[in-house]
Amino acid sequence: MWIKLSAGFLFILGGMFCGFSMADRLKKGVDFCRSAERILNICESEIRSKNSDVYSIIRRLKSEKLKIDISFESLPECYSYETDFREQWSESFRKLSYFDNEELDIMLSLGSILGTTDTEGQLRGIDDIRTRVGQLYKNRQGEYDRKGRLYRSIGLLSGAAIGIMII
């Protein structure tokens, strides 16, 4: 009897864990948008106030603590004849598996804009990306609000149903 009760309780916890982890995946999309907005603000302030080059921007981004695990550590901090900044930017984001296509496209677009035009051109490009991030944030927040609670509830209820069947 105790074994059945323990197994039932473990299934309830397992279902709850699955539901919460699925909702947490949705939350990571919202967190990405917030971090992307912060990255855009940093890039914009560096370009607008200091007319910084891409390497100064990378040094600043490396010093920031972001809510998601975007690593700028592999990117160069100074110019080198042997390395291409845009290629390294693309490689550093393409190897991260937790980005979906929209998020990856936003980060790759930012890397292709930085340092390619004059100050005003870069700022216009950042504004365009900011618009895309804003739209993505609305979509992700709405998805999290709708589906997050559903995933948590279904996880708990399915775990409870299996747990009751075992008991």
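Is Asp 105 buried, exposed or partly exposed, and at what relative accessibility? Asp 105 counts as partly exposed, at 39% relative accessibility (buried is under 20% relative accessible area, exposed over 50%, partly exposed in between; 1.4 Å probe, protein chains only).

This is a predicted model: local features need pLDDT of at least 70, side-chain atom pairs pLDDT 80 or more, while totals for chains, interfaces and linings use all residues. Residues are numbered from 1 along each chain as its sequence is written, and side-chain values use heavy atoms, without hydrogens and water.

**View A. Asp 105 forms a salt bridge with Arg 132.** The closest N and O atoms are 2.6 Å apart (a salt bridge is a side-chain nitrogen of Lys or Arg within 4 Å of a carboxyl oxygen of Asp or Glu). Asp 105 is in helix H4 and Arg 132 in helix H5, 27 residues apart (helices are DSSP runs of H or I, at least four residues, numbered from the N terminus). Arg 132 is partly exposed at 32%.

**View B. Glu 103 meets Arg 140 in a salt bridge.** The N to O distance is 2.6 Å. Helix H4 (residues 101-113) holds Glu 103, and helix H5 holds Arg 140. Both residues are buried.

**View C. Glu 37 pairs with Arg 130 at 2.8 Å, N to O.** Glu 37 is partly exposed at 25%; Arg 130 is buried at 18%.

Note on methods. Helices (H or I, at least four residues) and strands (E, at least two) are DSSP runs, numbered from the N terminus.
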